[in-house]
Amino acid sequence: MGDGFVDHELDGREVTLERLEAAARERWGEEWAIRATHFSDGTTQAYAFRLRGVVDDERDEKTLEQERLYVGDEKTVFRRVHLHREDVVDVLEECELEHD
């Protein structure tokens, strides 16, 4: 984002997830989720989101509108975005993995 906000990488994972949850509850009540991705290098990216529904536009793909919240050092950023979902069209392989 051009406003100095560094994407949505988390420094203190647990604290930031708590801040995301609090911001989401304040803005949307109980209708939200948090999407977090933890990478093998130890970094985590996350945002809270609420789906607003399908947008009636002229694209060939189904376009969804979503509201998102990102938390940074001392600020929370709101975005409303349009996106296309990736749908699984065929499962090529599936197996159950054994635990160590």
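Predicted model: local features only at pLDDT ≥ 70, side-chain atom pairs only at ≥ 80, totals over all residues.
Biologist: How many aromatic pairs does the count come to?

Modeller: The count comes to two aromatic pairs; rings of Phe, Tyr and Trp (its six-membered ring) pair if their centres lie within 6.5 Å, with planes under 30 degrees apart called stacked, over 60 edge-to-face and the rest tilted. The planes of Y47 and F49 stand at 55 degrees, with ring centres 5.9 Å apart, so this pair is tilted. Y47 and Y70 form a tilted pair, at 5.6 Å centre to centre and 40 degrees between the planes. That pair links distant parts of the chain, Y47 in strand β3 and Y70 in strand β4, 23 residues apart. Strands (E, at least two residues) are DSSP runs numbered from the N terminus.

Biologist: Is E67 buried or exposed?

Modeller: Buried means under 20% relative accessible area, exposed over 50%, and partly exposed in between (1.4 Å probe, protein chains only). E67, in strand β4 (residues 63-71), has 6% relative accessibility and therefore counts as buried.

Biologist: Which residue does a charge lie over, in the case of R79?

Modeller: A charge sits over a ring if NZ of Lys or CZ of Arg is within 6 Å of the ring centre and within 35 degrees of the ring normal. R79 lies over the face of Y70, 4.6 Å from the ring centre.

How values were computed. Residues numbered from 1 in each chain as written. Heavy atoms only, no water. Helix = DSSP H or I, 4+ residues; strand = E, 2+ residues; numbered from the N terminus.
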